[in-house]
Amino acid sequence: MHAFDEMFEALADAVANPRGYEAGRDVRQHYQAYAQWLATQSGEVMTARREEAEMIFRRVGITFAVYGAKDEDGAGTERLIPFDLIPRIIPADEWAMLERGLVQRVTALNRFIHDVYHGQEILKAGLISAEQVLRNSQYRAVMQGVAVPNQIYSHIAGVDIVRAGSEGGRGQYYVLEDNLRVPSGVSYMLMNRKMMMRLFPELFLRQTVRPVEHYPALLLQTLKEATDIDNPTVVLLTPGRFNSAYFEHTFLAQQMGVELVEGQDLFVKDDYVYMRTTSGPQRVDVMYRRLDDVFLDPLAFRPDSVLGVPGLFNAYVKGNIVICNAIGTGVADDKSIYPYVPDMIKFYLDEDPILNNVPTYQCRKPADLSYVLANMKDLVVKEVHGAGGYGMLVGPAATAKEVEDFAAVVKANPTNYIAQPTLSLSSCPTFVESGIAPRHIDLRPFVLTGREVRMVPGGLTRVALREGSLVVNSSQGGGTKDTWVLGDDNAPAASTTAEGN
């Protein structure tokens with residue numbers, strides 16, 4: 001059975017035919033305008049455009065740091081995230097469904113986080129065991145009873161979505177995981193669109209592609225709405241230039257027109273947070289933090305942290321600064337909590353989930369553990385706190401020895417792992433060295449929660465560039481694509497490229 005392809009009705013088997021697609025395929029309706037244009041482009045032109053994109057990305061400094069990797073001089077390495085020229089296109093009706101599902105999901109997750117730090121009604125109802133939440137490594141007991149503005153914990157969420165299924169029909173969307181602490185990648189979404197507009201401006205005159213350029217304005221609006229102070233001072237707190245997402249931190253601060261600060265740039269006095277400036281201390285009202293809880297304040301969390309601000313937690317608890325996302329938010333994006341999100345939606349919203357979870361086995365449960373150990377070669381097994389494609393096993397792509405070794409690790413600490421079926425992720429045409437060939441993709445839309453839940457249409461499409469690979473993470477060799485959400489009319493619109501600037 002062939003996997004669902006985003007562009008073509010019938011997909012050539014990527015393993016049997018690694019050079020690309022077979023002839024005689026039907027192009028899906030929402031890709032037809034693009035396919036007509038693509039048919040007129042030579043391989044030489046596409047290669048030249050790819051080289052131009054790489055040169056621009058390198059010149060601008062759009063890189064990410066690779067933890068643990070060293071160059072020949074022993075220094076840490078920075079790499080470009082490969083950018084693919086062929087966009088992932090989503091029709092208007094599909095995006096409308098995804099948007100409704102994302103609003104529903106993030107709303108329920110925010111309700112859950114508030115509940116577990118206050119009334120704990122979902123625990124009392126027995127839908128999730130108290131032990132699984134209260135002893136979770138991401139649960140912050142110091143946040144119990146702490147009021148956060150508007151009961152919003154995750155102001156910025158990145159929800160990973162995949163489409164799976166066969167070539168017949170439209171495939172089905174699933175939520176793969178929720179990223180509610182410090183989700184990254186939105187800068188690549190913005191730069192990918194900017195690059196496509198620069199390289200192929202004529203494409204945006206052929207059909208209505210909904211804009212994403214206004215994301216920084218929406219983000220700033222969301223941050224300002226987190227406080228009742230008029231014209232609040234907003235800063236972006238970064239761990240510094242050695243962080244893998246430092247480019248994004250600098251990019252977003254510049255785009256929003258706010259100060260990019262490190263812990264050493266801030267201090268606390270009388271339970272208020274101040275920023276050191278050339279004209280004297282300036283009070284900070286809202287902090288968009290891009291580092292984990294335990295590094296925020298050495299007096300409240302890790303005493304060896306040199307990244308945070310001593311006294312920050314007391315200022316936060318007293319309501320003198322808003323931290324986005326809230327401390328303790330990570331309890332809701334733990335992979336051991338993920339299986340319960342459909343229950344949260346029913347419990348808090350009294351609604352059926354619009355977006356389904358991937359079926360998940362929890363190795364903490366004896367029956368699930370037995371099944372996982374017996375079928376590991378067919379499953380994807382993940383650490384509950386893992387990220388970036390690390391700490392996981394893709395059974396079908398692993399050797400017998402790798403499966404055996406990973407099984408031993410899981411048996412030693414089963415509560416630390418979940419497992420899921422190996423989904424046949426949808427593929428999208430991708431410009432690789434051999435030409436245009438199918439490669440597997442996912443999608444990370446970014447959901448902003450202020451006075452209302454907002455998002456720009458689209459997100460970051462990540463692509464597994466290695467043939468047959470299901471791992472899209474940039475740290476594991478993945479790349480990115482521009483994501484187009486079409487307008488309802490799908491008609492030419494000369495103003496499309498300017499909207500949202």
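Predicted model: local features only at pLDDT ≥ 70, side-chain atom pairs only at ≥ 80, totals over all residues.
**Notebook: helices, cores and one threonine**

From α7, the residues Y215, P216, L219, L220 and L223 meet L252, Q255 and M256 of α8. What sort of residues make up the contact of α7 with α8? I got 7 nonpolar, 1 polar and no charged.

Next I looked up the geometry. Two packed helices are described by the angle between their axes and the distance between the axes. For α7 (residues 215-224) and α8 (residues 246-256), the angle is about 80° and the axes are 9 Å apart. Angles of 65 to 115 degrees count as roughly perpendicular, so α7 is roughly perpendicular to α8.

Then I went for the cores. The largest nonpolar core has 67 residues, and F112, V133, M143, L266, Y316 and M344 touch the most other members. Several elements each supply at least two residues of this core, among them α3 (92-116), β4 (156-164) and α10 (341-349). Which element gives the largest share? That's α3, with 9 residues.

Not counting residues up to four places away in sequence, Y316 touches M143, V148, I321, I323, A326 and I327. There's also a second, separate core of 61 residues, which includes M7, M46, L85 and V209.

Last stop was T483, in strand β23 (residues 479-485). Is T483 buried or exposed? Its relative accessible area is 1%, and buried means under 20%, so I noted T483 as buried. Leaving aside neighbours within four places in sequence, T483 is in contact with R88, I90, R193, L443, G458, G459, L460 and T461. With T461 there's a polar contact of 2.7 Å between the side chains.

Definitions and conventions. Residues numbered from 1 in each chain as written. Heavy atoms only, no water. Core = buried A, V, L, I, M, F, W, Y, C linked by side-chain atoms within 4.5 Å. Buried < 20%, exposed > 50% of the residue type's maximum accessible area, 1.4 Å probe, protein only. Helix = DSSP H or I, 4+ residues; strand = E, 2+ residues; numbered from the N terminus. Contact = heavy atoms within 4.5 Å. Axes fitted to C-alpha atoms, helices over the stretch in contact; angles between N-to-C directions. Parallel < 35°, antiparallel > 145°, perpendicular 65-115°, else oblique. Nonpolar A, V, L, I, M, F, W, Y, C, P; charged D, E, K, R; others polar. Polar contact = N/O pair within 3.5 Å; in protein donor to acceptor, adjacent residues only side chain to side chain.
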